[in-house]
Amino acid sequence: MARKDDLTGKGPVTGNNVSKSNNKTKRRFQRNLQKKRFYIPSQDRWITLKVSAKTLKTINKKGIEAVLKEARAQGINV
């Protein structure tokens, strides 16, 4: 299963480990993903999504229905 956010589609990004001697090796920065259940009152059902902590803050601010509407407008199948 891919480590991607279900609503934004964002996944890991790459960067470098830098040692004391300034040697650089590749590494991955993983998203802070959480598996959460959300209640959608208009559909009267629960959905389970794998979302990042940043997306959770957005859901708390805007509401789950507004965030789902934006994700569907961007072409993400939720």
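Predicted model: local features only at pLDDT ≥ 70, side-chain atom pairs only at ≥ 80, totals over all residues.
We can begin with helix 2, which spans residues 64-73 and has Ile64, Val67, Leu68 and Ala71 as its buried residues. Viewed down the helix axis, these buried residues fall within an arc of 100 degrees, so they line one face of helix 2. Lys69 and Ala73, by contrast, are exposed on the other side of the helix. After helix 2 comes Gly75, which has a positive phi near 95 degrees.

Is Thr55 buried or exposed? Its relative accessibility is 6%, and because the cut-off for a buried residue is under 20%, Thr55 counts as buried. The side chain of Thr55 makes a polar contact of 2.9 Å with the side chain of Ser52. Leaving aside residues up to four places away in sequence, Thr55 touches Asp5, Leu7 and Thr8.

Charge pairing comes next. Side chains of opposite charge can pair when their charged atoms come close. How many salt bridges does a search of the whole structure find? The search finds 1. The salt bridge is formed by Lys62 and Glu70, whose closest N and O atoms are 3.2 Å apart. Both partners are partly exposed: Lys62 has a relative accessible area of 45%, and Glu70 has one of 38%.

Most residues other than glycine have a negative phi. Asn22, however, is a residue other than glycine with a positive phi, near 70 degrees. Asn22 sits in the loop between strand 1 (13-18) and strand 2 (24-29), and with a relative accessible area of 48% it is partly exposed. Asp44 likewise is not a glycine, yet its phi is positive, at about 50 degrees. What is the relative accessible area of Asp44? The value is 57%, and because exposed means over 50%, Asp44 counts as exposed.

Methods: Residues numbered from 1 in each chain as written. Heavy atoms only, no water. Buried < 20%, exposed > 50% of the residue type's maximum accessible area, 1.4 Å probe, protein only. Helix = DSSP H or I, 4+ residues; strand = E, 2+ residues; numbered from the N terminus. Arc of directions from axis to C-beta. Polar contact = N/O pair within 3.5 Å; in protein donor to acceptor, adjacent residues only side chain to side chain. Contact = heavy atoms within 4.5 Å. Salt bridge = Lys/Arg side-chain N within 4 Å of Asp/Glu carboxyl O.
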